[in-house]
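Welcome, and please take a moment to turn the model around before reading on. Could you walk me through this structure, starting with the whole chain and then going into its details?

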Amino acid sequence: MAFSAIANFSRFTVSTSPSSYRLYLDPIGRRVVSTICAKKIYPRSLTTMASSTNEKLTAPYGSWKSPISADVVSGASKRLGGTAVDAHGRLFWVESRPAESGRVVLVKEGEKPGDEPTDITPKEFGVRTLAQEYGGGAFSISGDTVIFSNYKDQRLYKQSIESQDSSPVPITPDYGGPVVSYADGVFDSRFDRFITVMEDRRESSTNATTTIAAVPLSDNTIQEPKILVSGNDFYAFPRLDSKGERIAWLEWSHPNMPWDKSQLWVGYISENGDIYKRICVAGSDPTIVESPTEPKWSSKGELFFITDRKNGFWNLYKWIESKNEVLPLYPLNAEFTKPLWVFGINSYDFVESNGDKNLIACSYRQNGRSYLGILDDAQHSLSLLDIPFTDIDNISSWKHTLIVEGASATHPSSVAKLILDNCKLEVVDFKIVWSASTDSLKYESYFSSPELIEFPTEVSGQNAYAYYYAPSNPVYQASSEEKPPLLLKSHGGPTSETHGSLNLSIQYWTSRGWAFVDVNYGGSTGYGREFRERLLGSWGIVDVNDCCSCAKFLVESGKADPDRLCITGGSAGGYTTLAALAFRDTFKAGASLYGVADLSLLRAETHKFESHYLDNLVGGEKEYFERSPINFVDKFSCPIILFQGLEDKVVPPDQARTIYKALKEKGLPVALVEYEGEQHGFRKAENIKFTLEQQMVFFARLIGHFNVADPITPIQIDNFD
């Protein structure tokens, strides 16, 4: 689960103009969820004025002025949706644009240094698939052609990348609506077709049929895709060898998620294009618990993949076809990939080399940071490359060039081109060619650097991890007697990980005088299977305990005010937020973004991909009831603000509405904001801005003991205003 009124309720729609927030009521609607208060919140007078320009101004934590505004944050919220390199070495990427209501566009880098990038996707199209709701793997490039999934109708389209005037042409049938989605596709030159994961929701929107299918490319007439692999609940990573004679794929079945248990298969393709024989490469041995992922064929026809057998960490392996055996390449207690929430993950790639050996550009994650290296499969050696990124995502290779998606404490989400030396052991040139925020460095003097902390949990001998950000502003300081308010963030997933990379939404808080901590509670990824499985059967317990333990650890360390501890989170992090507020008394206020209040309702309403996820995380009916915050409204005792997208199919809007109504009836300060046109996670700039500002002013008014420096018009808080 990784980003109002009841009965007759209102619709809250945010326009692009800050002065025109409006409420739209149903024809018979009578209960307003949120209204705009007439007054704006302005800062208090400074406690002590600076006597010279070199001295800092003294003002309460939380009241500091900062140039990192909510407009800056929302403008820097571009998301990267994947990269690709064509046969000429040209870089392409997919980016979502909050300023265009979250539209996702394929972009080509400039032809020459200094040239502006070029949009490939026409304005009436968007490159985004809804397969498994979270999407990913929405485009593929071969030669001068791109095939992409179009957001509006979910059909596959073919388009030339050589001409700006090229119009996309559909290659899959029109089913009268976005009821069939495609993802993770590859070109099959042997049979002139496109092989892709296909998710068919025509018979059931909550129990789609997923297959691996082939879409013809040679005929001008649109045909029904041909099913190649079917029968299991889920598929991913269909990958062909260079001759088109073998295909590898990943599959798994309920109740497992792909990081719990999965299987890697290889199929042999006949002369008519069918799969006539198949072998299970990994995942079939009942004595080995593993979750293989990311299969990839070398140019020599050897199959490589990642799995977490033996040491419990996702490491690189090679398949010995003649013996149907797998061999580890470089065993290490580190994660060489991440959980398969989205399609199209590309954690390693082959580097052009001479001789019989394979050189593999790969990254791994260990002790809270990422490392990039070149692995020699013949020598079983790994040479690290020195680059500025401390968090690395996808990797692509072309000749002596690596394309790396990454970030660091001073770099937002970025794409860099790395030129390697002839031995492929050193980086001779590093250049960032795309950034989520090209202007971020001008705020560097305000940045708070993440401090990786390891703190004790409630289980003796077990620790968890977090990134702590201290208040930071070159102009302001607080009095020595004051401790800062703390905002703790619980990440989504819950099988996911937060990273210590530059996030302007975090700097928004710290530059105003808040302390911020981003927690990797037990169950997070990045620390191996044993750490990941702490959450099995214990969601709502381990995550909540770890978040509370982290907050208490910071209080005891003198880094936070115990009376101003706040918690926030989205999706699964929203559930942890609500559970912490219901079942613990650590936090004084909270904000839940598209969070879960009723586990049983979520299980009944959520999409197929996660429909059994909760069974492993929660347990039986007793646990479902006892860990659902909605069933224990009497235990809530502090203010809560809720934000919800009305088109969310992962955590439907009823979750937020139900908890809102219950808390309002109890008499607690509560507010609910609903966004038209938003799904699971907010993509529109105006909504990202509004959510951030309203959290800030909500906490300031309810528990902060300070006024915010920004002229924010607060929404009405029920049982408070």
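What follows goes from the whole chain to a sheet, a helix and a few backbone details.

This is a predicted model, in which local features need pLDDT of at least 70 and side-chain atom pairs count only at pLDDT 80 or more, while totals for chains, interfaces and linings use all residues. Residues are numbered from 1 along each chain as its sequence is written, and side-chain values use heavy atoms, with hydrogens and water left out.

Let us begin with the chain as a whole. Its secondary structure comes to ten helices and 40 strands; helices (H or I, at least four residues) and strands (E, at least two) are DSSP runs, numbered from the N terminus. The chain has a radius of gyration of 26 Å, close to the 27 Å that the globule rule gives for 721 residues, so it is as compact as a globular protein of that length. Here the radius is taken over C-alpha atoms, and the rule is 2.2 Å times the number of residues to the power 0.38. Of the 721 residues, 60% count as buried, where buried means under 20% relative accessible area, exposed over 50%, and partly exposed in between (1.4 Å probe, protein chains only).

Now look for an open sheet of four strands, in the order E4-E5-E6-E7 with antiparallel pairing. Strands E4 (79-85) and E7 (118-119) stand at the edges, each with a single partner strand, so one side of each is left without a neighbour in the sheet. Strands E5 (residues 91-97) and E6 (residues 103-108) pair in the antiparallel sense over six bridges; two strands pair if DSSP finds at least two bridges between them. Arginine 97 has arginine 103 in E6 as its bridge partner.

Further along is helix H10, which covers residues 685-704. H10 is mostly covered, with 20 of its 20 residues buried. After H10 comes histidine 705, whose phi is positive, near 65 degrees.

That brings us to the backbone details. Most residues other than glycine have a negative phi, and most peptide bonds are trans. Histidine 380, in the loop between strands E26 (369-376) and E27 (381-385), has a positive phi near 55 degrees. At 44% relative accessibility, histidine 380 counts as partly exposed. Serine 571 also has a positive phi, about 60 degrees, but at 0% relative accessibility serine 571 counts as buried.

Finally, the peptide bond from histidine 254 to proline 255 is cis, with omega near 5 degrees. Proline 255 sits in the loop between strands E17 (246-252) and E18 (263-269).

How values were computed: The expected span of a helix is 1.5 Å times one less than its number of residues.
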